[in-house]
Amino acid sequence: KLIELLVSEDYQNRLPQPGGEEIQVVILSIMNSGEIFCRKEGTTFHTIQKQISDNADKILAGGASGLIGKNQLYLAEQGGVLYRAEILSSDKCLDGRYSAFLVDTGLFVQLEPGQIYDIPAVNCDGLVDIPRLALKCRLEGVPPDGYVWGPEATAALREQAPENTPVRLKVVGNGSDNSAECP
């Protein structure tokens with residue numbers, strides 16, 4: 001029942017079609033590349049986190065994941081909290097950590113092997129079926145032709161729209177212009 005509710009709610013959390021209505025989103029993170037990760041406002045994130053939190057003791061008691069696979073969904077411990085994460089490469093970085101993307105918060109992180117947990121089949125299996133909430137976007141026409149996005153632009157955008165800031169967003173494209181699937 002919970003999964004049906006979350007999947008139904010997820011449908012409401014998706015971005016509208018290009019040219020559709022403006023929606024309220026929360027900025028999650030702004031990357032140095034100019035990509036912006038946002039999440040449509042709603043309760044899905046809190047519901048996911050509550051399900052993880054309610055099962056945290058069982059998850060942690062099971063120990064860290066033994067097999068790490070690329071593009072697999074895991075739970076990652078960050079600051080004492082578990083989040084859904086996608087491992088970006090099954091190979092460790094030079095420092096022995098794995099590169100991961102927290103799929104609901106829009107953050108890229110480095111994880112020690114002991115911070116990566118399998119999503120248990122009991123009580124949490126539906127977490128794999130819920131689409132990722134962090135949506136990758138970019139500003140239309142930025143940077144202008146002939147220019148590149150730089151650290152100064154990132155800093156200025158972060159100052160104008162800090163993380164966790166609610167903003168109005170309108171999808172004007174679908175990423176079909178070789179923009180790495182960013183609307």
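**Figure 1. Strands S1 and S9 pair side by side in this predicted model.** The two strands run antiparallel and are joined by four bridges. One of the pairs to look for is Gln24, whose bridge partner in S9 is Arg168. Strand S9 spans residues 166–169. Strand S1 covers residues 23–30. In general, strands of a sheet pair through backbone hydrogen bonds, either parallel or antiparallel.

**Figure 2. A four-stranded open sheet contains the S1–S9 pair.** Its strands are ordered S8-S2-S1-S9, and the pairing is antiparallel. S8 and S9 are the edge strands, and each pairs on one side only. From one strand to the next, the twist averages 50 degrees.

**Figure 3. Strands S1 and S2 form a hairpin.** Five residues lie between the two strands. Gly34 sits in the turn, with a positive phi of about 95 degrees. S1 and S2 are antiparallel and share five bridges. Within this pairing, Val26 stands opposite Arg39 in S2.

**Figure 4. Strand S2 is mostly covered.** S2 runs through residues 36–40, and five of its five residues are buried. Which residues lie on each side of S2? Ile36, Cys38 and Lys40 are on one side, while Phe37 and Arg39 are on the other. Both faces are covered, and these residues are all buried. As a rule, side chains in a regular strand alternate between the two faces of the sheet.

**Figure 5. Strand S8 pairs with S2.** S8 is made of residues 135–137. Three bridges link S8 to S2, and the two strands run antiparallel. Here Cys38 has Leu135 as its bridge partner in S8.

**Figure 6. Two cysteines, Cys38 and Cys137, without a disulfide.** The structure holds zero disulfides. Cys38 is in none, and its nearest cysteine sulfur belongs to Cys137, 3.6 Å away. A disulfide needs the two sulfur atoms within 2.5 Å. Both residues are covered: Cys38 is buried at 1% relative accessibility, and Cys137 is buried at 5%.

**Figure 7. A second open sheet has five strands.** The order is S6-S5-S4-S3-S7, with antiparallel pairing. S6 and S7 stand at the edges and have a single partner strand each, so one side of each lacks a neighbour in the sheet. S5 covers residues 98–102 and pairs with S6 over five bridges, in the antiparallel sense. Leu102 stands opposite Leu107 in S6.

**Figure 8. Helix H2 lies across strands S3 and S4.** The helix is formed by residues 44–54. Strand S3 covers 73–78, and strand S4 covers 81–87. H2 runs at about 105 degrees to S4.

**Figure 9. Gln115 sits in a loop between two strands.** The loop lies between S6 (107–111) and S7 (116–117). Is Gln115 buried or exposed? Gln115 is buried, because its relative accessibility is 17%, and buried means under 20%. A polar atom of the Gln115 side chain lies 2.7 Å from the backbone nitrogen of Glu112. Leaving aside residues up to four places away in sequence, Gln115 touches Leu75, Ala76, Glu77, Gln78 and Gln110.

**Figure 10. Asn164 has a positive phi.** The angle is about 70 degrees, although Asn164 is not a glycine. Find Asn164 in the loop between helix H4 (151–160) and strand S9 (166–169). Asn164 counts as exposed, because its relative accessible area is 59% and exposed means over 50%.

**Figure 11. The protein as a whole has four helices and nine strands.** Along the sequence, these elements follow the pattern α-β-β-α-α-β-β-β-β-β-β-α-β. The protein has 183 residues, and 41% of them count as buried. Take the contacts between residues at least 6 apart in sequence: 63% of these join residues at least 24 apart. The accessible surface comes to about 10,400 Å². Carbon and sulfur atoms account for 51% of that surface.

Note on methods:
Residues are numbered from 1 along each chain as its sequence is written. This is a predicted model: local features need pLDDT of at least 70, side-chain atom pairs count only at pLDDT 80 or more; totals for chains, interfaces and linings use all residues. Side-chain values use heavy atoms; hydrogens and water are left out. Buried means under 20% relative accessible area, exposed over 50%, partly exposed in between (1.4 Å probe, protein chains only). A polar contact is a pair of N or O atoms within 3.5 Å; within protein, one must be able to donate a hydrogen and the other to accept it, and residues adjacent in sequence count only if both atoms are side-chain atoms. Contact means heavy atoms within 4.5 Å. Two strands pair if DSSP finds at least two bridges between them. Axes are lines fitted to C-alpha atoms, for helices over the stretch in contact, and angles run from 0 to 180 degrees between N-to-C directions. Accessible areas come from the Shrake-Rupley method with a 1.4 Å probe; for residues, only the protein chains shown count as cover.
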